[in-house]
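Biologist: Thanks for making time to go through this with me. Could you put the model up so that we can look at it together?

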Protein chains: 2
Amino acid sequence: MHDADYRMRAMPAAMLQALQQRFGPRCHTGLAMREQHGRDESPFDVPPPEAVVFAESEDDVAFTLALAHEHSVPVIPYGSGTSLEGHLLAVQGGVSLDVSRMNKILLINAEDLTVTVQAGVTRQQLNAELRHAGLFFPIDPGADASLGGMAATRASGTNAVRYGTMRENVLGLGAVTAQGQVLRTGTRARKSSAGYDLTRLLVGSEGTLAVITEVCLRIYPLPEAVSAAVCFFPTVDAAVQTTIQIIQMGLPIARCELLDANTVRAVNRHDQLGLREAPMLLMEFHGSPSGVAEQAQAVQEIARELGGEDFDWASTPEARTRLWTARHHAYLSAVQSKPGCRCVTTDTCVPISRLAESINTSVAEVEAAGLPYFLVGHVGDGNFHLGYLIDPALPHERETAERLSHQMVMRALSLEGTCTGEHGIGLHKQGFLLEEAGEPAVAMMRSIKQALDPRNIMNPGKIFQL
Amino acid sequence: MHDADYRMRAMPAAMLQALQQRFGPRCHTGLAMREQHGRDESPFDVPPPEAVVFAESEDDVAFTLALAHEHSVPVIPYGSGTSLEGHLLAVQGGVSLDVSRMNKILLINAEDLTVTVQAGVTRQQLNAELRHAGLFFPIDPGADASLGGMAATRASGTNAVRYGTMRENVLGLGAVTAQGQVLRTGTRARKSSAGYDLTRLLVGSEGTLAVITEVCLRIYPLPEAVSAAVCFFPTVDAAVQTTIQIIQMGLPIARCELLDANTVRAVNRHDQLGLREAPMLLMEFHGSPSGVAEQAQAVQEIARELGGEDFDWASTPEARTRLWTARHHAYLSAVQSKPGCRCVTTDTCVPISRLAESINTSVAEVEAAGLPYFLVGHVGDGNFHLGYLIDPALPHERETAERLSHQMVMRALSLEGTCTGEHGIGLHKQGFLLEEAGEPAVAMMRSIKQALDPRNIMNPGKIFQL
């Protein structure tokens, strides 16, 4: 495991003065605000940034970057603080650039199924607005993340099995370079062969190449019919085998989520749901009424053959909301099930034919280690998360979690998968990236970084070491 | 219009000797072979490369690049020679690196719907092999292009409206850098957030950043039911309005192609098809039998309301092949309709709501100019091609074609579209790229190029000027 580069770079007084002059009360140096911006959902402890500024325009972002470039001081973009991989942590000091107030929905093009938003708009805010027009944006990582942050980490979550990830759904970006230059990538056309794909280079670059200020997204008509179902299985393996068959048949399932018994137990306690405490698949189908019925029928047959029971349909929006609440509260509920714990989360993704091996062995290993854990998965994509619940006061628990996580990633790579399906590399997966991509590919990434950000001010210390 | 950089760079004798030693009879310096590799489907005349080598392995590619890097000599990757934008032309001399003999299908993973091929495998070769397994690869640019070339130009064509382009369907690449270093990008997992998206940076980079040696692709089960149909319209506009409504309704049509009356006339003459010589939509539907019937019904209703007539179904493979032959021979048939002509092709793509304006004005302009032309379009994507048929002996015809093309691109950009939906920038659209992306974005592309290929040996003179 290669860790990040933690060399602190102090902010000169002249830079702080310039920030205060520009931002006035929108520039904060108080500890509470700095600590709030120096922490995300990751389990790492790092000193907070030296200052926090709230950008309200692309000009504010450009000003901050030009200034930081002049002084060679790190800038860490901040959206909604929901990263799990330490993306926000000021490992080399510097300024946290909060774009959450850049939260305007700029243009909904219902005719072309595109929307243009500022980077701080969150997915729930966007969907609340789109609903009036009979439209929706499907990418749903659980947390109410900002769309700029979701682009920066190449997020996905439920619905990706049908609609793809941020990679497929970002048409173009507004961004500001390390030198403070504003640029636009992509167009509103559905496809283009015009030069290098800067859009997809910036999507997933974790704030290390540019600060995303604007996102143009594909959106979708609300499906004519939506139906959700749960089904319980005797074992995790039976649920996984069901998933594999659904995907291999080419069924256009919209969501296919696995919750293990530990997770169901935790959400039951958290939300009083009264679900059967067994491995559970939570599925959703989108389409025409007859198309949805056809898909549901096919899935039910597969599930039954593999021991699935208590198939339960939720066709009303209220019933669906209840089920998806269970899924969305899984992380929080599980963490609350062990008071005072921290959660070490894994995020491997493998080809679907390798999913059973990947999950079964990982579960056997954590059971053998005796660490409390929970398992949730976007299994339709081959992606799942084990959350190891560790006591921060017991170093051996962290060591055990790290060892299990390491074994799991190495196995995923040997199964031709990836160390991170959707959370990103951030602070602590840099060694895994090197294992996965190989030195020549990481060297290429490093060359690009050095060319675009020669002073290493853009979220330094993340993804790889320079 | 900015033209490419044509400064010739001679190959030192030592380099030629080293190539001859390595490649033996696979290294060619004869004029015929050089001329064949110094020409593509573009209308440009440029001296041929100084040598042609046939690579049979990734090692051959790495050897050639390391050698070329040492001597600062250009290398131009060559797949099947079907580029329309001058990508293959040796504008600064150098060696043509032919990968067509790297034509092994390395691994079909039917369970995961992925296939790994060497870069020289063509799409027809791949589909002939996949058919046995009940699978297919949908991207179809018309020509029997190599998959390495299709990745390098971010190709699409028919079927993209449903299945996406090379951008969406390449999972990973094998490639060799300008320094002769072999690397792999991506994994066989469906999604990943592991570092910069090098796969999509190389897809569409037109051989200017690395030579693609291997491609891992998504493949699809052959649909249970396939149905194709033609429908004729009183005007191009009526056909375009029909398309817009189909797309805006969210119908999952698999192919939606427009041929104008000039094109139908040309393919009738070329293939004795006896089609009605009017604007024609050629459509295909994929899905379950009931799903296909549902889609076809909906489309027929839209078309009828807009004056569509002679709706004709082709449900047998033979009848479908006949129709798609017409589409695939469109370019050749049109060019042959004016003996001795050259074809200047446009490739704009706009948001679907702007398609009628984009097509109608462009047609009116070419009609007013009196130049023979034909129009074909992947209209479901908002992408269409006008082919201006010019007499190479009459400079004013080329000037007229260039003027029309320029007007058309500027209009596409003002409609929030792109100058190239699928052909790439190549030699002659560099000014358009600058208009479209803006100087800061092109500067970012240039920085990446300079970082990865500091001696500018990778297909120099293409996409932008350094």
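Biologist: Is Arg7(A) buried or exposed, and what is its relative accessible area?

Modeller: Before I answer, this is a predicted model, in which local features need pLDDT of at least 70, side-chain atom pairs count only at pLDDT 80 or more, and totals for chains, interfaces and linings use all residues; side-chain values use heavy atoms, with hydrogens and water left out. Residues are numbered from 1 along each chain as its sequence is written, while chains are lettered from A and ligands numbered from 1 in the order in which they are written. Arg7(A) sits in the segment before α1 (13-23) of chain A, where helices (H or I, at least four residues) and strands (E, at least two) are DSSP runs numbered from the N terminus. With buried meaning under 20%, exposed over 50% and partly exposed in between (1.4 Å probe, protein chains only), Arg7(A) is exposed, at a relative accessible area of 59%.

Biologist: Which residues is Arg7(A) in contact with, leaving aside its neighbours within four places in sequence?

Modeller: Contact here means heavy atoms within 4.5 Å. Gln179(A), 172 residues away in sequence, is 22 Å from Arg7(A) in space, C-alpha to C-alpha. Beyond four places in sequence, the contacts of Arg7(A) are Val91(A) and Gln92(A).

Biologist: How far apart in space are Pro77(A) and Met458(A), C-alpha to C-alpha?

Modeller: Pro77(A) belongs to strand β3 (residues 75-78) of chain A. Not counting residues up to four places away in sequence, Pro77(A) touches Leu88(A), Leu97(A), Gly207(A), Val211(A) and Asn459(A). Met458(A) is 381 residues from Pro77(A) in sequence, yet their C-alpha separation is 8.5 Å.

Biologist: How are the two chains related: what rotation superposes chain B on chain A?

Modeller: Two copies of a chain are related by a rotation about an axis and a shift along it. Copies are superposed by least squares on the C-alpha atoms of residues with pLDDT of at least 70 in both. For chain B on chain A, the shift along the axis is 0.0 Å, the RMSD is 0.0 Å and the rotation is 180°.

Biologist: What kind of axis is that?

Modeller: The rotation is 180° with 0.0 Å of shift, so the relation is that of a two-fold axis. The same surface serves both copies, since 100% of the contact residues of chain B recur in chain A. In short, the axis is two-fold.

Biologist: Which residues touch the most other members of the largest nonpolar core?

Modeller: In soluble globular proteins, nonpolar side chains tend to be buried together. A nonpolar core is a set of buried Ala, Val, Leu, Ile, Met, Phe, Trp, Tyr and Cys residues joined through side-chain atoms within 4.5 Å. Ile448(B), beyond four places in sequence, contacts Tyr196(A), Leu198(A), Leu201(A), Ile448(A), Leu452(A), Leu201(B) and Leu209(B). Among the 145 residues of the largest core, those touching the most other members are Phe137(A), Met166(A), Ile448(A), Phe137(B), Met166(B) and Ile448(B).

Biologist: How much space lies in the largest cavity?

Modeller: On a 1 Å grid over the protein atoms alone, a cavity is a set of points where a 1.4 Å probe fits but cannot get out. Grid points are joined across faces, edges and corners, and the volume is the space filled by probe spheres set on them. The count is 6 cavities of 30 Å³ or more. The largest cavity holds about 260 Å³.

Biologist: Which element supplies the largest share of the lining of the largest cavity?

Modeller: Lining residues have an atom within 4 Å of a point, and the largest cavity has 22 of them, with Thr185(A), Gly186(A), Ser192(A), Ala194(A) and Thr199(A) nearest its centre. They divide into 8 nonpolar, 6 polar and 8 charged, where Ala, Val, Leu, Ile, Met, Phe, Trp, Tyr, Cys and Pro count as nonpolar, Asp, Glu, Lys and Arg as charged, and the others, Gly among them, as polar. At least two lining residues each come from β9 (182-185) and α8 (198-202) of chain A and from α16 (430-437) and α17 (439-452) of chain B. The largest share, 3 residues, is from α8(A).

Biologist: What is the phi of Ile463(A)?

Modeller: Ile463(A) lies in the segment after α17 (439-452) of chain A. This residue is buried, with a relative accessible area of 0%. Although Ile463(A) is not a glycine, its phi is positive, at about 70°.

Conventions. On a 1 Å grid over the protein atoms alone, a cavity is a set of points where a 1.4 Å probe fits but cannot get out, and a pocket is an open set with protein on both sides within 12 Å along at least five of seven lines; lining residues have an atom within 4 Å of a point.
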